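Reader: I am new to this structure. Please walk me through it, one feature at a time.

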Amino acid sequence: MKFIDTHIHIDGHEFDDDRDEVVNRAKNAGAIHMFVPAIDMESVERVLRFCADYKDYAFPMIGLHPEEVRPDFMDVLDRMEAMLPGPFVAIGEIGLDYYWSREFESEQLSAFERQVRWACDTGLPLMIHCRKAQNEMVAVLKKYRDRLPGGVFHCFTGNLLEARQLLDFDNFVLGIGGVLTFKKSHLPEVVAQLPLSRIVLETDAPYMAPVPMRGKRNESAYIIHVIDKLAECYGVDRETVADQTTENALKVFKM
């Protein structure tokens, strides 16, 4: 069984003590690639170093995460834009997050829209984070609908109506991870009504570990539990899920 982790923050300090071991466990579990998003300027450098060490296995993204938007965000975006297209396979992790606060609401919107334009100009897909802001996010994306190169709506946890609204954008898929396995999650019922051809696998490691690893630091090797739950949702075997989601990821990331 072979699969792709489309979203892992393996550059994070949580992996400083055993990063190589985490990669080895991922490979042994069947992970053929890791796609690694940046969240700010500092993480861009870390992501690039890691992906250089694991050339042709790990692939970098570049972007400013909405929770990292600060008063100096335009300067940060200027620096990132100067690095494009570079070795990057996507613009991410970008988006909107009004879960905790709307203090930087307008700045987040400006940062998000500018990075969406990068994707339109470079042809790089988007890795989009969205919490409590789907209407605002969709409004921005609609402005560029004819130019959007596709991408991933990362860590999707919404309802069926929200899923269908997002999948109305061509060449976009939903990133599904550990939340699918949580006891009180409604995602299994939602996912079962969506085409498997519009789903990709992700961990968001070190966060969001699936059952039975919930509460532990997440890592790519644990995706097998998400695959098993997806197989249950669709009534297919795990190899079918792994093969189809891998095909989906390779198509979105143009590999």
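Reader: How are helix 8 and helix 9 placed, roughly parallel or roughly perpendicular to each other?

Author: First, some ground rules. This is a predicted model, in which local features need pLDDT of at least 70 and side-chain atom pairs count only at pLDDT 80 or more, while totals for chains, interfaces and linings use all residues. Residues are numbered from 1 along each chain as its sequence is written, and side-chain values use heavy atoms, leaving out hydrogens and water.

Author: Now the general idea. Two packed helices are described by the angle between their axes and the distance between the axes. Helices (H or I, at least four residues) and strands (E, at least two) are DSSP runs, numbered from the N terminus. Axes are lines fitted to C-alpha atoms, for helices over the stretch in contact, with angles from 0 to 180 degrees between N-to-C directions. Angles under 35 degrees count as roughly parallel, over 145 as roughly antiparallel, 65 to 115 as roughly perpendicular and the rest as oblique. Here, the axes of helix 8 (residues 223-234) and helix 9 (residues 238-252) cross at roughly 110° and come within 8 Å. The two helices are therefore roughly perpendicular to each other.

Reader: Which residues make the contact of helix 8 and helix 9?

Author: Contact means heavy atoms within 4.5 Å. Helix 8 brings Ile224, Ile227, Asp228, Leu230 and Ala231, and helix 9 brings Arg238, Val241 and Ala242. They divide into 6 nonpolar, no polar and 2 charged. In this scheme Ala, Val, Leu, Ile, Met, Phe, Trp, Tyr, Cys and Pro are nonpolar, Asp, Glu, Lys and Arg are charged, and the others, Gly among them, are polar.

Reader: At what angle do the axes of helix 5 and helix 6 cross?

Author: Helix 5 (residues 134-143) and helix 6 (residues 160-167) have axes that cross at roughly 15° and come within 11 Å. That makes helix 5 roughly parallel to helix 6. Gln134, Met137 and Val138 of helix 5 meet Glu162, Gln165 and Leu166 of helix 6. The contact residues divide into 3 nonpolar, 2 polar and 1 charged.

Reader: How much space lies in the largest pocket?

Author: Pockets and cavities are found on a 1 Å grid over the protein atoms alone: a cavity is a set of points where a 1.4 Å probe fits but cannot get out, and a pocket is an open set with protein on both sides within 12 Å along at least five of seven lines; lining residues have an atom within 4 Å of a point. Grid points are joined across faces, edges and corners, and a volume is the space filled by probe spheres set on the points. The largest pocket holds about 780 Å³. Of its 32 lining residues, His129, Cys130, Arg131, His154 and Cys155 lie nearest its centre. Strand 5 (126-131), helix 5 and helix 6 each give two or more residues to this lining. The largest share, 4 residues, comes from strand 5.

Reader: How many cavities of 30 Å³ or more does a search of the whole structure find?

Author: The search finds 1. The largest cavity has about 50 Å³ of space. Its lining includes Cys155, Phe156, Asp204 and Met208.

Reader: Where is Asp204?

Author: Asp204 sits in the loop between strand 8 and helix 8. Its phi is near 60°, a positive value in a residue other than glycine. Pro206 is also in the loop between strand 8 (199-201) and helix 8. A cis peptide bond joins Ala205 and Pro206, with omega about 15°.
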